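Trainee: I am new to this one. Can we walk through it together?

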Amino acid sequence: MSSPEISSLSWGLMKVKGSTSSYKDCKVWPGGSRAWDWTETGTNHYPGVQPADLEEVLKKGVELLVIGRGMNEALQVPSSTLDFVKHKGVEVRVLQTEKAVAEYNKLAVQGAKVGGVFHSTC
């Protein structure tokens, strides 16, 4: 199964190839995508992305995870979260969301087992 490309990104709106839904924030993995609902784990800009936000994507067999911190990089990614991902044997890249989507799409087109979580506003 390949990772679906993110077909469009604008402030507050993301579309993923193969999905009829559009997302404000999203999670993607080989074979699928869904909305990233911060209320599920109590996530907020600070302290930021929690291990619980990433577990679902990591369980999909990804070898690399891309995290998009938002258009203005307001979403924090604590070092404890990065350590959690690395402990699972997964490489992680944290970037501003437009750069993160470009990196993710480049890897997806190359056939990498890549997953991602992306924040599309601040």
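**Sheet and helices**

Mentor: Three strands make an open sheet, ordered S1-S2-S3, with antiparallel pairing. Strands pair if DSSP finds at least two bridges between them. Strands (E, at least two residues) and helices (H or I, at least four) are DSSP runs, numbered from the N terminus. This is a predicted model: local features need pLDDT of at least 70, side-chain atom pairs count only at pLDDT 80 or more, and totals for chains, interfaces and linings use all residues. Residues are numbered from 1 along each chain as its sequence is written, and side-chain values use heavy atoms, leaving out hydrogens and water.

Trainee: What is the bridge partner of Lys 15 in S3?

Mentor: Strand S2 (residues 13-16) runs antiparallel to S3, and two bridges join them. In S3, Lys 15 has as its bridge partner Ser 22.

Trainee: Which residues of helix H2 are buried?

Mentor: Buried means under 20% relative accessible area, exposed over 50%, partly exposed in between (1.4 Å probe, protein chains only). On the other side of H2, Ser 79, Lys 86 and His 87 are exposed. The buried residues of H2 (residues 79-87) are Thr 81, Phe 84 and Val 85.

Trainee: Within what arc do the buried residues of H2 fall?

Mentor: The arc is that of the directions from the helix axis to the C-beta atoms. Down the axis of H2, the buried residues line one face, because they fall within an arc of 95°.
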